[in-house]
Amino acid sequence: MGLFHLKKEKEETKETGCCCGGNCTPEAMEQAEQEKAQAGIKVLGSGCTKCSQLEAATAEALKELGMDTTIDHVTDFEKIAAYGVMSTPALIVDGKVVSYGKVLKKDEVIGILKRVRG
């Protein structure tokens, strides 16, 4: 019986198209989509050590490049899910996921910022 229960949950997730199995409210997802479209730099993650390391490396990269940009640290699961990110930490530049699932070094962030923001 347990296997059939898991299969049903999987089917429900597939039908709703939502990674949380349909528990997100339409209002919350719409707000997350609007925030996603905004220009800027975001670090997505729970606030763990790896997320903090990525945020610090990004801040160093921005400083070295002379970019005066604020880094938003997004910890809300619904907002993270709106990006389609399933592995954190993740780095978002101007609404685009440029890295996820690993801590980037400062030089890697610099390369990404040069490529994305040209």
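V97 touches Y83, V85, L91 and I92 when residues up to four places away in sequence are not counted; contact here means heavy atoms within 4.5 Å. This is a predicted model, in which local features need pLDDT of at least 70 and side-chain atom pairs count only at pLDDT 80 or more, while totals for chains, interfaces and linings use all residues. Residues are numbered from 1 along each chain as its sequence is written, and side-chain values use heavy atoms, with hydrogens and water left out.

V97 lies in strand β4. Helices (H or I, at least four residues) and strands (E, at least two) are DSSP runs, numbered from the N terminus. With a relative accessibility of 34%, V97 counts as partly exposed. On this scale, buried means under 20% relative accessible area, exposed means over 50%, and partly exposed is in between (1.4 Å probe, protein chains only).

S99 is also placed in strand β4. Its relative accessibility is 7%, so S99 counts as buried. Leaving aside neighbours within four places in sequence, S99 is in contact with P89, A90, L91 and L104.

P89 sits in the loop between α4 (77–82) and β3 (90–93). The peptide bond from T88 to P89 is cis, with omega near 5°. The next loop to look at, between β3 and β4 (96–100), holds D94. D94 is a residue other than glycine with a positive phi, near 50°. Most residues other than glycine have a negative phi, and most peptide bonds are trans. D94 has 30% relative accessibility and therefore counts as partly exposed.

Another loop, between β1 (41–44) and α3, contains G47. Its relative accessible area is 42%, so G47 is partly exposed. Not counting residues up to four places away in sequence, G47 touches S52, H73 and T75. Of these, T75 is 28 residues from G47 in sequence, yet their C-alpha atoms are 6.6 Å apart in space.

The next topic is a pair of helices. Two packed helices are described by the angle between their axes and the distance between the axes. Helix α3 (residues 49–65) and helix α5 (residues 106–117) pack at an angle of about 60°, and their axes are 8 Å apart. Axes are lines fitted to C-alpha atoms, for helices over the stretch in contact, and angles run from 0 to 180 degrees between N-to-C directions. α3 and α5 are therefore oblique to each other; angles under 35 degrees count as roughly parallel, over 145 as roughly antiparallel, 65 to 115 as roughly perpendicular and the rest as oblique. From α3, the contact is made by A57, T58, E60, A61, L62, E64 and L65, and from α5 by K106, V109, I110, L113 and K114. By class, this contact has 7 nonpolar, 1 polar and 4 charged residues. Ala, Val, Leu, Ile, Met, Phe, Trp, Tyr, Cys and Pro count as nonpolar, Asp, Glu, Lys and Arg as charged, and the others, Gly among them, as polar.

The chain as a whole has 5 helices and 4 strands. From the N terminus on, the order of elements is α-α-β-α-β-α-β-β-α. Of the 118 residues in the chain, 31% are buried. Among contacts between residues at least 6 apart in sequence, 66% join residues at least 24 apart.
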